[in-house]
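Please look over the two chains shown below before reading the points that follow.

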Amino acid sequence: MTGHRAIDQTAAHMADAIRTGRATSYAITEAHLDRIDAIDGAIGAFLHVDREGALATAREVDEAIARGEELGPLAGVPIAIKDVVVTKGLPTTAASKILEGWIPPYDATIVERIKAAKMPILGKTNMDEFAMGSSTEYSAFHKTRNPWDTGRIPGGSGGGSAAAVAAKMAPLAIGTDTGGSIRQPGAVTGTFGAKPTYGGNSRYGLIAFSSSLDTPGPVARNALDAALLHEVISGYDPRDSTSIDAPVPPVVEAARLGATGDLSGVKLGVVKEFKEGADAAEPGVVAAYEAGVEQLVKLGAEIVEVSCPSFTYALPTYYLIAPSEASSNLARYDGVRYGLRAGDDGKHSLEEVMSLTREAGFGPEVKRRIILGTYALSAGYVDAFYGKAQKVRTLIKQDFEKAFAQVDAIISPTTPFIAFEFGARTGDPYQMYLADLYTIPTNMYGGPGVSVPVGLSEGMPVGLQVMGPVLGDDITYRVAAALESTQDVLLADTAPEIEGK
Amino acid sequence: MSTISREEVAHLARLARLEVTDVELDAFAGQLDVILQSMKTLAEVDTDGVQPTSHAVPLVNVFREDQPQPSLPRDAVLAGGPDTAEDRFRVPRILDEEA
């Protein structure tokens, strides 16, 4: 539903209106908080809303502008933050019972940057517990519903951030992407999601899931808004030893260039192996994607088939590497320093209390992955499983490097299927894992990938993924913005109106 | 043939300090078997002479100046703990009394 309410505008428009005095940050922030009050009962995107904090920041922005101060490009534009990112003084649980009630004593680097950019923080969004899942059904607290059809999942793990932006409860949000947790929710909710180059921004203050893969990134309703947020949060951080000390790719400039609708001279690769056999997407998804490819060709792009044979093995490779790292990272939840403690009745030993705490505090998917990771790292299996997966990861990287010697970017559907109905894939974890079939290779490689809405299948949104070379985030935004330029109305603006209370 | 037994899952859960229930063990054993079957396909891949990748974007020798930085205030950190006493995290007994 497109309209003229404050919440219908793009983040770029909101920022401009605030800067030039045509609107106040207070009014815009309040409009979003009122929207949350009105409809989040029906959607469930938020775990925590900080009305007072958000309005206090908004007021500061309005006062600074009244004094004639120059603020950053998104000053005064409100934002929602995935609950896996720590926020000083605001509850942070990663949607797990094991962290229920924990109030972090510090901010993640990306939150520090959001605060320095004077963006009011609306609250924390729902997700699959510890970012493990593709439907947000593994949240320990509640479901998040897809604003396009409230009987369906909003994707995951960042279903709350995607649903909040799709339902216009926030113009922007932060997600994190380990295997597709920004892009797949973006695709199934008709929003824009970007996984930046690994190391392009800081992981300091992200609750760790898989440290060699976790990447925070922007969630928005269009490429330019996402690019503006991308530049706010990105750049080197000495507190994250894996962050890259290099200039942030010029993604805002690239989004503006893309919006001119000219892709002449741009070579786009399509992966041969994605089209074959069991890796094929639903016919409706393929149709929407191919219509998008045709549009890109009309804008001047040249399509080149590339072969990436190791992509076929990306899913099992990921499900060895990510759970192995997770089993190690999640060892810290032992009932001693934060969150839940169970069974501490004077009769149980420390070790028993740890086991009882972890049993009570973790949900089923987290337990499965901890057990899987423990298996893959155990003596006798580590070479056959974890070690083998790390070598296949090298082959996946090499496939990307070979492809990028031929093409500027690679395109694919973002996810093989549209948003499914609740409960459809929770019985068989492997069926859930297939949601990330096309997004995982990029995480293995470390390059950037964005999902841009491309069309509908059965009335539900479909996303087109653009993958770029390491530190080539700009090309992904350029191609995505070019695709948007072919849409009379942005797909994100055609979501059905949610009836509030 | 099943790749992982119920007993193995129980052993792994113990190693990972998870006090799993019998119902969970039954469910996990079947589910993990499906997942591990897919992982067996990696054995098909020829990785002779291939170097493992541990990180996406390789960086070596990340140094910084050794300058003291302020730590978090003790009370702010302890405030997150489930049980604290005498400015420390309190834990249940670690050693058996007879030990």
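1. A word on conventions comes first. Residues are numbered from 1 along each chain as its sequence is written, while chains are lettered from A and ligands numbered from 1 in the order in which they are written. The model is a predicted one, in which local features need pLDDT of at least 70 and side-chain atom pairs count only at pLDDT 80 or more, whereas totals for chains, interfaces and linings use all residues.

2. Chain A has a secondary structure of 16 helices and 11 strands, where helices (H or I, at least four residues) and strands (E, at least two) are DSSP runs numbered from the N terminus. Its radius of gyration, which is taken over C-alpha atoms, is 21 Å, close to the 23 Å that the globule rule (2.2 Å times the number of residues to the power 0.38) gives for 501 residues, so chain A is as compact as a globular protein of that length. The C-alpha atoms of chain A fill a box of roughly 65 × 55 × 45 Å along the principal axes. Buried residues account for 65% of the 501 residues in chain A; a residue is buried if 20 or more other C-beta atoms, placed from the backbone, lie within 10 Å of its own, exposed if 12 or fewer, and partly exposed in between.

3. Chain B has three helices and two strands, and they follow the pattern α-α-α-β-β along the sequence. The radius of gyration of chain B is 23 Å, well over the 13 Å that the globule rule gives for 99 residues, so chain B is more spread out than a compact globule. Its C-alpha atoms fill a box of roughly 55 × 45 × 30 Å along the principal axes, and 19% of the 99 residues of chain B count as buried.

4. In chain A, 11 strands form an open sheet with mixed pairing, in the order E1-E3-E2-E4-E6-E5-E10-E11-E9-E7-E8; two strands pair if DSSP finds at least two bridges between them. Strand E1 (46-49) and strand E8 (302-306) of chain A stand at the edges with a single partner strand each, so one side of each is left without a neighbour in the sheet. E1(A) pairs with strand E3 (residues 121-125) of chain A in the antiparallel sense over three bridges, and A:Phe46 stands opposite A:Thr125 in E3(A).

5. Strand E5 (residues 192-195) of chain A is covered on both faces, with A:Phe192 and A:Ala194 buried on one side and A:Gly193 and A:Lys195 buried on the other. E5(A) pairs in the antiparallel sense with strand E6 (residues 215-220) of chain A over two bridges, and A:Phe192 has A:Ala220 in E6(A) as its bridge partner. E5(A) also pairs in the antiparallel sense with strand E10 (residues 449-457) of chain A, over three bridges, where A:Lys195 stands opposite A:Gly449.

6. Helix H7 (residues 223-233) and helix H16 (residues 473-484) of chain A pack at an angle of about 155°, with their axes 9 Å apart. That angle makes H7(A) roughly antiparallel to H16(A), since angles under 35 degrees count as roughly parallel, over 145 as roughly antiparallel, 65 to 115 as roughly perpendicular and the rest as oblique. Axes here are lines fitted to C-alpha atoms, for helices over the stretch in contact, and angles run from 0 to 180 degrees between N-to-C directions.

7. A:Val407 is found in the loop between helix H13 (383-406) and strand E9 (409-413) of chain A. Is A:Val407 buried or exposed? A:Val407 counts as buried, because it has 22 C-beta neighbours inside 10 Å. Leaving aside residues up to four places away in sequence, A:Val407 touches A:Lys267, A:Leu268, A:Gly269, A:Val304 and A:Val306.

8. Between the chains, 44 residues of chain B are in contact with 59 residues of chain A, two residues being in contact if their C-beta atoms, placed from the backbone, lie within 7 Å. Of the side of chain B that touches chain A, the largest share, eight residues, comes from H2(B).
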